[in-house]
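Let's take a walk through this model, one neighbourhood at a time.

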Amino acid sequence: MSNTYRVSCGAGLENEEEFVDILEERRRSSDLGHALRTFSPHPYKGAESCSNADLNKAVLESQYLRYMAKEIAAETGSSLEEVREEACGILEEMSQNLQLKCIRLLGFTMTKVLKRLYSSIFVNMEGLNMLQQSIEEHPVILMPNHRSYMDFLIISYIMFTYDIPMPFIAAGIPLAGMKLVGELLRRSGAFFIRRAIGSDKLYWAVLSEYVRTIVKTGIAPLEFYVEGLRSRTLKSVMPKLGMMHMVMEPFFKGEVYDITLIPISISYDRVLEESLLAQELLGIPKLKESTTGLLKASKVLQEDYGSMHVNFGRPMSVRHLCEGKINRCQYNLVPRDLPQKPSAEVQACVSWLAHLMVRVQEEGSVMGPWALMACLLLQAPTRVLTEEGLPWQELTDKTLWLRKLALDFGARLNWPSGQGQAPDTDVMSSTVALHGSVVNRKAGRVFLVQEEEPARNRPISPEEEMISTAAAVLMLASYRNMSLHIFVRPALLATALHITKTTQKDELLAFFCFLRDVFSNEFIFIPGNSSQDFEEACSLLKKCGAVHVSEQEVTVSDAGLEVLSFLQALLQPFIDSYQVIFRYLCENEVHVHAEKQFLTAVRNLATELILSGELHTYEALSSDTHKNVLSALQRLDTVTKLRASEQNEYTVNKAAVRRIDDILSGKIPPQMLHTTPEAKL
């Protein structure tokens, strides 16, 4: 009998979901027997038998690629044979070579590794059963979130375990360069994509035709990360639309009746790369993926990483989702095999779908006690965490208060409670023990762990001490980020109430939309849903008793101050960080900013402000935040990227940046905003 338990989804037992620990069976039976057992998947009913060589041949001989090869040959002056030879080379570098014997080897190895790293891997079996049924009916696209390198293999491992057809997986080209490992991944279903494709028309043509052929034929489920890269902050990343458009095109062109999207939420108690992520955010170069690096990292096998949850979401029909959003007749005007630039309507539909999928991934993620504790620890002054320690009793009391709020807001919470379970204090104690790399508990207090400095002949400088503290704070912030999707909409409203000091609903809506606009690169908001997000925020704050809502007003209740104070403090590090960058852009005399120099200069300013005591937000040092601000200002038309620039250079409209800063500081009253919910600043 498998180890089964239920995850609380909001308040009330009726919302609980059943998860099964797939490692329990592996601990009781033979690893070799599991790897060598009969594998009998049920593929898509419309798929014909197709070898990897057949797939590549179909791509190279497609009318689309023939047409593009002629176009490129004419543009470049190359011969058609040279272009086709180059296309063959691209496909050889890119294509997967799935082989069952390699899947078995990987299955055996993964079982050994997973049992060492994790106490449990919980999977919702209802979602897995729906996935199996969907694969038989329509081409399936698997869309997991991306928080760890472990994401890459865990989906395939689960599908192998439950006799579900193995997916073809889009992966970054650096993985292909890893000796032995790269080839093993290729033979396990990975196909490799260059990270910087740019304007290489032939590469785009080969990649898009390869992806479309997989989807059209349904020979295997296709797996890709809609966020693009692995999130270094453990919160959702703005979706990338290139691959999303490629997988949707066969439906738009009527080449398939429907496509099924499967959102998958992978949640970790503790992430393998936690310290590396913090270092990358502080500008320490990322280590190149290599087999040697993988072997050196084998010391992680001695650590405990708690539990993992893999939540297979409900299958989503593209046909149903796109109904009323797109007119597919436009595709009838051009032969299917010819390239066609997507219309604004198609681009908006793809963007909406991509954001929706990331949002559904967030809603499906399972949160543990540590995400809540991290929220509260970060709201204590850093000096308290590094020198005095936060009283344990204060932390546990506040965590239990926050657990109730999170459940009221609809969180999926992995917190063992009830008859036969450990007391709440034991759950929190074991959680802190699991995260001993970030905090430690002694003498009834909780302290932030800072990296031990190697023996040195000179005293540590203030800058070095600050970077050490910043690395620990950013690790803690990453775990807090795992809960932000639950709180961000009420937090925006709490911030609007705090800054504007108004109770008028229309003014609060205008300021809410302003905040949502500014932070749309930081948090995931579905395009066109501003009013719905505002109403959701009002509803949640009303539900927990923090505000009273009428037709015209939103007023704070006496009991709501604690909730609103917590939510406003949750958003404050982002506001502080953005304002540091606004300050730099407005005060700096440089007319053209190169991105590389900009990132260094902003980090230097933040360092200076932290050391002087003027700034208390270490998150202002994060390179991801700096890049998000730059993207947000581009989207708001206050920063312009120079087209001819090879070094990502930008010009800045200082007056527009200053106005955003003034609104964020409350210097411009909300009556001056009066924008419609979807209007740009």
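**A walk through the fold**

Start with strand β11 (residues 390–391), which is joined to strand β14 (residues 445–448) by two bridges, the two strands running antiparallel. Here Pro391 is the residue that stands opposite Arg445 in β14. Keep in mind throughout that this is a predicted model.

On to the other pairing of β14. Strands β13 and β14 also pair in the antiparallel sense, this time over four bridges. If you look for Arg441, you'll find that its bridge partner in β14 is Val446. The hairpin of β13 and β14 has two residues between the strands, and in it Ala443 takes a positive phi near 50°.

Helix α20 covers residues 424–434, and its buried residues are Val427, Met428, Thr431, Val432 and Leu434. How are those residues arranged when seen down the axis of α20? They fall within an arc of 155°, so they line one face of the helix. As for what covers them, the list includes α17 (369–378), α19 (392–408) and β13 (439–442).

Next, move to the part of the chain that carries a record. An unreviewed UniProt entry annotates residues 140–269 as "domain: Phospholipid/glycerol acyltransferase". In the model, that span is 38% helix and 19% strand, and its end C-alpha atoms lie 29 Å apart.

Is it enclosed or open? Five of its five residues are buried, so β5 is largely enclosed by the rest of the structure. Phe168, Ala170 and Gly172 point one way from the strand, while Ile169 and Ala171 point the other way, and all are buried. β5 has strand partners as well. With strand β7 (residues 222–223) it pairs in the parallel sense over two bridges, and there Ile169 stands opposite Glu223. With strand β6 (residues 190–193) the pairing of β5 is again parallel, over four bridges; in this case Ala171 has Phe192 of β6 as its bridge partner.

While you're looking at side chains, find Arg212. Its charged end sits over the ring of Tyr64, 4.4 Å from the ring centre.

That brings us to rings that pair with rings. With centres within 6.5 Å as the cut-off for a pair, the count comes to 16 aromatic pairs. Take Tyr118 and Tyr268: their ring centres are 6.4 Å apart and their planes meet at 40°, so this pair is tilted. Tyr118 belongs to the loop between α6 (100–117) and β3 (120–123), whereas Tyr268 is in strand β8 (residues 260–268), so the pair ties together parts that are 150 residues apart in sequence. Both Tyr118 and Tyr268 are buried.

For another arrangement, look at Phe523 and Phe574. Their ring centres are 5.1 Å apart with the planes at 70°, so they form an edge-to-face pair. This pair also links distant parts of the chain, 51 residues apart: Phe523 is in the loop between α23 (505–518) and α24 (530–543), and Phe574 is in helix α25 (residues 561–587). Phe523 is buried, as is Phe574. Step back and you'll see these two in a cluster that ring pairs build from Phe519, Phe523, Phe525, Phe574, Tyr578 and Phe582.

Carry on past α25 and you come to Asn588, in the loop between α25 and β17 (592–594). Is Asn588 buried or exposed? Its relative accessible area is 18%, and since the cut-off for buried is under 20%, Asn588 is buried. Leaving aside its neighbours within four places in sequence, Asn588 is in contact with His593 and Lys654.

Finally, compare a residue in another loop. Gly283 lies between α13 (274–281) and α14 (291–296). Its relative accessibility is 43%, so Gly283 counts as partly exposed.

Definitions and conventions: Residues are numbered from 1 along each chain as its sequence is written. This is a predicted model: local features need pLDDT of at least 70, side-chain atom pairs count only at pLDDT 80 or more; totals for chains, interfaces and linings use all residues. Side-chain values use heavy atoms; hydrogens and water are left out. Buried means under 20% relative accessible area, exposed over 50%, partly exposed in between (1.4 Å probe, protein chains only). UniProt positions are given in the numbering used here, feature names are shortened, and annotations may be inferred rather than shown by experiment. Rings of Phe, Tyr and Trp (its six-membered ring) pair if their centres lie within 6.5 Å; planes under 30 degrees apart count as stacked, over 60 as edge-to-face and the rest as tilted. A charge sits over a ring if NZ of Lys or CZ of Arg is within 6 Å of the ring centre and within 35 degrees of the ring normal. The arc is that of the directions from the helix axis to the C-beta atoms. Contact means heavy atoms within 4.5 Å. Two strands pair if DSSP finds at least two bridges between them.
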